[in-house]
Structure formats: structure tokens, C-alpha cells
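Reader: Could we go through this model together? I would like to ask about individual residues and then about the overall arrangement.

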Amino acid sequence: MAIIYHEAKLTVTADVGWDFLDRYTRSEVHVFSACTSERQEDDYRVVTLADGTAVNEHGAQSARS
């Protein structure tokens with residue numbers, strides 16, 4: 001299983017940041033240039049890479065607290 005950790009100071013409110021993460025986990029926004037598309041299939045977020053490889057992310061969700 002792959003995990004990405006990244007830390008950065010944001011210039012937006014917490015609500016705006018969490019809203020973006022929520023939309024990202026629902027495949028509503030496109031973030032990474034190495035990916036050509038994202039979609040939802042049941043409990044999976046399916047990411048298509050530039051070479052056509054489909055990567056399934058099971059249970060992708062934000063940890064809003």
C-alpha cells in the first residue's frame with residue numbers, strides 16, 4: 001500500500017481546505033499532472049495514469065476533524 005505525506009502552509013480557511021479534500025476524494029477535482037482522469041466505482045477512486053494504467057484507491061477519504 002502506498003501512502004503520500006505532504007505538509008504545506010495554506011492561505012485558505014480550514015473549511016475551504018477540507019472542502020477541497022472532500023471533493024478530491026469524490027474524484028470531483030483533478031490535481032496531479034501524471035493522472036489523466038479520476039472516477040468513482042463503488043468504494044474505489046479509480047485514477048488513470050498518462051500511460052493508461054488504472055490505479056484503484058480503496059476507501060479514499062479525507063480525515064476531517
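Reader: Is T25 buried or exposed?

Author: This is a predicted model. In it, T25 is buried, because its relative accessible area is 15% and buried means under 20%.

Reader: Which element does T25 lie in?

Author: T25 belongs to helix α1, which covers residues 14-25.

Reader: And what does the side chain of T25 reach?

Author: It reaches the backbone oxygen of D22, at 2.9 Å.

Reader: Moving on to the loop between α1 and β1: what is phi of S27 there?

Author: Phi of S27 is near 60°, which is a positive value in a residue other than glycine. S27 sits in the loop that links α1 and β1. As background, most residues other than glycine have a negative phi.

Reader: Buried or exposed, S27?

Author: S27 is buried, since its relative accessible area is 14% and the cut-off for buried is under 20%.

Reader: What about D42, buried or exposed?

Author: D42 counts as exposed, because its relative accessibility is 78% and exposed means over 50%. Its place is the loop between β1 and β2.

Reader: What is phi of D42?

Author: The value is near 55°, again positive in a residue other than glycine. D42 takes this phi in the hairpin of β1 and β2, where 2 residues lie between the strands.

Reader: How many bridges join β1 to β2?

Author: There are 6 bridges between strand β1, residues 35-41, and strand β2, residues 44-49. The two strands run antiparallel.

Reader: Which residue in β2 is the bridge partner of S37?

Author: S37 has T48 in β2 as its bridge partner.

Reader: On to the other hairpin. How many residues are between the strands in the hairpin of β2 and β3?

Author: That hairpin has 4 residues between its strands, and G52 takes a positive phi near 95° there.

Reader: In what sense do β2 and β3 pair, parallel or antiparallel?

Author: They pair in the antiparallel sense, over 5 bridges. Y44 has H58 in β3 as its bridge partner, and R45 stands opposite E57 in β3.

Reader: Stepping back, how do the elements of the chain run from the N terminus on?

Author: They run α-β-β-β, with 1 helix and 3 strands in the chain.

Reader: What share of the residues of the chain count as buried?

Author: Of the 65 residues, 18% count as buried; T25 and S27 are among the buried residues.

Reader: And the accessible surface of the chain, what does it come to?

Author: It comes to about 5400 Å², and 54% of this belongs to carbon and sulfur atoms.

Reader: Finally, what share of the contacts between residues at least 6 apart in sequence join residues at least 24 apart?

Author: In this chain, that share is 17%.

Conventions:
Residues are numbered from 1 along each chain as its sequence is written. This is a predicted model: local features need pLDDT of at least 70, side-chain atom pairs count only at pLDDT 80 or more; totals for chains, interfaces and linings use all residues. Side-chain values use heavy atoms; hydrogens and water are left out. Two strands pair if DSSP finds at least two bridges between them. Buried means under 20% relative accessible area, exposed over 50%, partly exposed in between (1.4 Å probe, protein chains only). A polar contact is a pair of N or O atoms within 3.5 Å; within protein, one must be able to donate a hydrogen and the other to accept it, and residues adjacent in sequence count only if both atoms are side-chain atoms. Contact means heavy atoms within 4.5 Å. Accessible areas come from the Shrake-Rupley method with a 1.4 Å probe; for residues, only the protein chains shown count as cover.
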